[in-house]
Amino acid sequence: MAKKVAIIGGGSSGLCAIKACLQEGLEPVCFERTADIGGLWRFEERPEDGRASIYRSVIINTSKEMMCFSDFPIPDDFPNYMHNSKIMEYFRMYARHFDLLRHIRFRTSVCRVSKRPDFGSSGQWEVLTESEGKQEAAVFDAVLVCSGHHTDAHLPLSSFPGIEKFKGCYLHSRDYKDAQAFTNKRVVVIGIGNSGSDLAVEISQTAQQVFLSTRRGAWILNRVGDRGYPIDTVLTTRLNRFLQELLSSSMACDYMEKKLNARFDHSRYGLKPKHRVFHQHPTVNDDLPNRIISGRVMVKPNVQEFTETSAIFEDGTREDIDAVVFATGYSFSFPFLEGFKVVENQIPLYKYMFPPDLEKPTLAFIGLIQPLGAIMPISELQCRWATRVFKGLSELPPRHDMEADIEQKKEAMAKRYVKSQRHTIQVDYIPYMDELACQLGVKPNLLTLFLTDPKLAVEVAFGPCTPYQYRLRGPGAWAGAREAILTQQQRILKPLQTRHVEESTSAPALPLIFKLVGAVAILAAVFAYL
């Protein structure tokens with residue numbers, strides 16, 4: 001009899017969790033509290049309790065080849081950076097193709113997940129759900145928590161004296177939908193993460209003036225990288241990762257900061273932070289420098305206090321304002337899970353997935369990470385590993401080893417990143433994906449590839465590290481992975497080529513010295529990833 005797995009949440013992580021269970025012969029039951037799939041990426045006019053909420057214009061900041069599920073490429077005519085409606089279209093295609101919807105119970109909330117009395121021997125959980133006012137309890141062999149970490153708005157009003165007497169309106173970015181309500185108003189946006197910078201840019205289209213308030217500043221990346229390619233396909237390569245490990249952290253930061261300042265000088269625009277570029281989650285925004293140089297957005301330091309009609313900043317300047325938008329991030333919690341407490345956005349999990357103290361490894365958290373890259377492929381690989389663990393095909397190490405790994409990652413994060421709510425679940429894309437892939441036995445073997453399939457090996461080593469790489473071998477291997485990797489450049493370029501233009505003449509061949517350096521780099525990269 002197939003083991004039953006409860007999946008909590010029908011967003012992107014929940015969808016790939018269902019599919020991973022089916023691939024391993026498990027019986028998934030997904031509980032989704034709303035009437036539709038999509039989670040974070042489904043736009044609704046009004047925010048719903050317990051669900052992430054986005055604004056109407058949201059465009060994802062990871063490109064399609066880097067964010068797709070590993071055995072289901074996004075159509076070649078879809079734009080590289082997709083509007084939320086396109087992302088939903090892709091999710092629906094994925095759900096239809098793999099027949100996932102029949103495993104989802106919509107409008108069903110999970111009230112409680114608790115261990116069965118015989119958990120020490122069975123590893124089973126009792127899941128209490130509610131639908132249309134009726135509660136129902138059922139027993140499951142395993143649980144995948146796919147509810148995400150963008151549900152509870154972090155609104156630190158106590159850090160802003162005087163906000164209680166401010167006569168204008170204020171809201172969290174979670175409640176923002178469009179800029180119409182801010183027409184001809186003077187608005188402060190607090191926070192310079194991706195949401196804060198996006199909202200400052202958008203509101204500045206209609207507002208009289210926008211003030212972007214930041215405690216630390218930020219390094220701003222552009223979606224469009226070298227030669228017009230998506231920035232994540234340029235940066236997220238195995239060669240770049242190898243070179244970054246060769247360099248000191250300071251040298252790597254120097255190089256990246258020089259590239260970013262070549263676009264616009266962060267000091268002159270009031271954005272340069274005290275921390276280095278790789279010491280904070282990056283902010284991706286194409287339009288912010290344009291809005292600053294045109295005066296529509298003014299960068300300001302942190303707000304010291306509010307009065308009835310104005311904001312006083314830490315540099316002593318005062319601005320009359322009508323509205324405040326707090327883009328201050330999110331906190332996460334799991335109130336339905338008995339015995340699990342989140343403190344300051346921290347919960348100790350092995351590989352950010354498994355509680356180390358359970359007698360049986362039958363509970364896993366999926367997508368509870370903040371990657372420097374796309375989250376969908378990471379959630380998918382987590383699900384593939386978790387389902388193998390549930391089946392007993394992959395074993396976790398002893399508890400003390402797991403706790404040592406958790407502590408080591410916590411220390412490394414504290415050493416690298418500035419202290420922040422968002423830096424408690426931070427991971428680098430390639431190292432973390434490879435870490436999961438090693439557990440599952442699906443990490444690509446570069447040496448074997450160079451010996452058996454040099455054409456593919458070159459693309460794997462020097463091209464973007466797309467999710468298809470983790471379907472080349474091992475459990476869940478996909479016959480189409482090789483072709484997907486070799487045609488990924490075509491899918492990147494296809495949506496851009498809407499007007500025929502004669503190709504420019506080819507560039508002269510690389511000098512011999514560059515070829516030699518490249519050959520040495522290839523060999524070094526191969527042996528680094530054996």
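Is Arg 107 buried or exposed? The close-ups below, taken from a predicted model, start with that residue and then move on to the core and the helices.

**View 1. Arg 107, a non-glycine residue with a positive phi.** Arg 107 is exposed, with a relative accessible area of 54%. Look for Arg 107 in the loop that links strand S3 (104-106) to strand S4 (109-115). Its phi is positive, at about 55°.

**View 2. Tyr 352, a buried residue with a positive phi.** Here phi is about 60°, again in a residue that is not a glycine. Tyr 352 belongs to the loop between strand S19 (330-331) and strand S20 (363-365). Because its relative accessibility is 11%, Tyr 352 counts as buried; the cut-off for that is under 20%.

**View 3. The largest nonpolar core and Leu 144.** This core has 101 residues, and those with the most contacts inside it are Ile 7, Phe 91, Leu 144, Ile 203 and Phe 354. Helix H10 (residues 376-390) supplies the largest share, eight residues. Zoom in on Leu 144 and leave aside its neighbours within four places in sequence: its contacts include Val 5, Ala 6, Ile 7 and Ile 8, along with Ala 17 and Cys 21. Leu 144 also touches Ala 364, Ile 366, Ala 386 and Phe 390. A second, separate core has 24 residues, among them Phe 31, Trp 125, Val 143 and Phe 332.

**View 4. Helix H1 against helix H3.** The axes of H1 (residues 12-23) and H3 (residues 84-97) come within 11 Å and cross at roughly 15°. The two helices are therefore roughly parallel to each other, as angles under 35 degrees count that way. Their crossing is left-handed. On the H1 side, the contact is made by Ser 12, Leu 15, Cys 16 and Lys 19, which meet Phe 91, Tyr 94 and Ala 95 of H3. Sorted by class, this contact has five nonpolar residues, one polar and one charged.

**View 5. Helix H1 against helix H10.** H1 also packs with H10, at an angle of about 35° and with the axes 9 Å apart. This crossing is right-handed. From H1 come Ser 12, Ser 13, Cys 16, Ala 17, Ala 20 and Cys 21. Facing them in H10 are Met 376, Ser 379, Glu 380, Cys 383, Arg 384 and Thr 387. By class, the contact has six nonpolar, four polar and two charged residues.

Notes: Residues are numbered from 1 along each chain as its sequence is written. This is a predicted model: local features need pLDDT of at least 70, side-chain atom pairs count only at pLDDT 80 or more; totals for chains, interfaces and linings use all residues. Side-chain values use heavy atoms; hydrogens and water are left out. A nonpolar core is a set of buried Ala, Val, Leu, Ile, Met, Phe, Trp, Tyr and Cys residues joined through side-chain atoms within 4.5 Å. Buried means under 20% relative accessible area, exposed over 50%, partly exposed in between (1.4 Å probe, protein chains only). Helices (H or I, at least four residues) and strands (E, at least two) are DSSP runs, numbered from the N terminus. Contact means heavy atoms within 4.5 Å. Axes are lines fitted to C-alpha atoms, for helices over the stretch in contact, and angles run from 0 to 180 degrees between N-to-C directions. Angles under 35 degrees count as roughly parallel, over 145 as roughly antiparallel, 65 to 115 as roughly perpendicular and the rest as oblique. A crossing is left-handed if the near helix is turned anticlockwise from the far one by less than a right angle, and right-handed if clockwise. Ala, Val, Leu, Ile, Met, Phe, Trp, Tyr, Cys and Pro count as nonpolar, Asp, Glu, Lys and Arg as charged, and the others, Gly among them, as polar.
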